[in-house]
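Hello,

Here is the structure I promised to send you. Have a look around first, and then read on for what turned up.

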Amino acid sequence: MNMFKIGLRVILLALLVSTTAFAQQTPEEIRTMLEQRDDQIKQLVGPEGTDYTDEQRAKLKEIINGVINFEAMAKEALDTTFDTISTEKRTEFVDLFGTIVRDQSLNKLDIYRATVTYQDIQVNGSQARVETLAQLENIRTPVNYEMEFQNGEWVIVDMEIDDVSTASSYNRQFQRIINQRGFDPLLESLRKRAAKA
C-alpha cells in the first residue's frame, strides 16, 4: 500500500510539473512577461529629457537584456566557426559579445518610450515567435523576437528590427573579418570594443 501511495505521488508530481511547464508555454504567458518587462523599462526611462544616474543605467541594462540568451545569439552570429574554437575562446567570445550588445542597448533610450502593439505570438513546443509593432510618434517599427523555453522560462535568442535579424547582422560582420583575417583578429577587435563599453 505504501509503495502504491509513493508511486501515485510520483505520478501526480510529474503531472503537476508537466502541467506547469505547459502552462508557461502559452502566448499569454509570453505576452505578460514581455509587457511586464516593457512597463519596468518605461518607468525607468521616464519622460523625454530625463537624466540618468549610473545606477539607473545599470538597472535599465539589466532589465532590457535580462531575457536575452547571449550564448545562443553569439553562437548564431559566429555560425560554424563556433564549433571550431576552444571552449576558452567560446566563453570569452560570448562574454565579449554580451558586453557589446548590452552596451548598445542603451545607445538610444528614446526607443523604449515607444508604444508596443503585439501583432502575433506563435508557440511551437519550446520555441516561439513574437511579432510586435513599436510606434514612437509617427514612426512605426516592426520588432520581432525568436524565443525558446529554457530552464523554466522564455528567453530571446534573436531579435528582428525592421526585418533585420540581430544575429544575422553580426554574422555578416564577423564572417567578413574571419574570412579576411581569421578568428583571433575578430576576438581582439571585440576585446577593444568591449573595453570601451
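Which helices and strands do the buried residues of helix 6 pack against? They pack against helix 4, helix 5, strand 4 (153-161), strand 5 (164-165) and helix 7 (183-196). Please keep in mind that this is a predicted model.

Let's stay with helix 6 for a moment. Its buried residues are T166, A167, Y170, N171, F174, Q175, I177 and I178. Seen down the axis of helix 6, these residues fall within an arc of 165°, so they line one face of the helix. On the face of helix 6 turned away from the buried side, you will find the exposed residues N179 and Q180.

Next, look at two of those partners, helix 4 (residues 70-78) and helix 5 (residues 87-104). They pack at an angle of about 105°, and their axes are 9 Å apart. That angle makes helix 4 roughly perpendicular to helix 5. Helix 4 brings F70, E71, M73, A74, A77 and L78 to the contact, while helix 5 brings F93, V94, F97, G98, V101 and R102. By class, nine residues in this contact are nonpolar, one is polar and two are charged.

Finally, find D38 in helix 2 (residues 27-45). Is D38 buried or exposed? With a relative accessible area of 19%, D38 is buried, since the cut-off for buried is under 20%. Leaving aside neighbours within four places in sequence, D38 is in contact with Y112 and V116.

Happy exploring!

Key:
Residues are numbered from 1 along each chain as its sequence is written. This is a predicted model: local features need pLDDT of at least 70, side-chain atom pairs count only at pLDDT 80 or more; totals for chains, interfaces and linings use all residues. Side-chain values use heavy atoms; hydrogens and water are left out. Axes are lines fitted to C-alpha atoms, for helices over the stretch in contact, and angles run from 0 to 180 degrees between N-to-C directions. Helices (H or I, at least four residues) and strands (E, at least two) are DSSP runs, numbered from the N terminus. Angles under 35 degrees count as roughly parallel, over 145 as roughly antiparallel, 65 to 115 as roughly perpendicular and the rest as oblique. Contact means heavy atoms within 4.5 Å. Ala, Val, Leu, Ile, Met, Phe, Trp, Tyr, Cys and Pro count as nonpolar, Asp, Glu, Lys and Arg as charged, and the others, Gly among them, as polar. Buried means under 20% relative accessible area, exposed over 50%, partly exposed in between (1.4 Å probe, protein chains only). The arc is that of the directions from the helix axis to the C-beta atoms.
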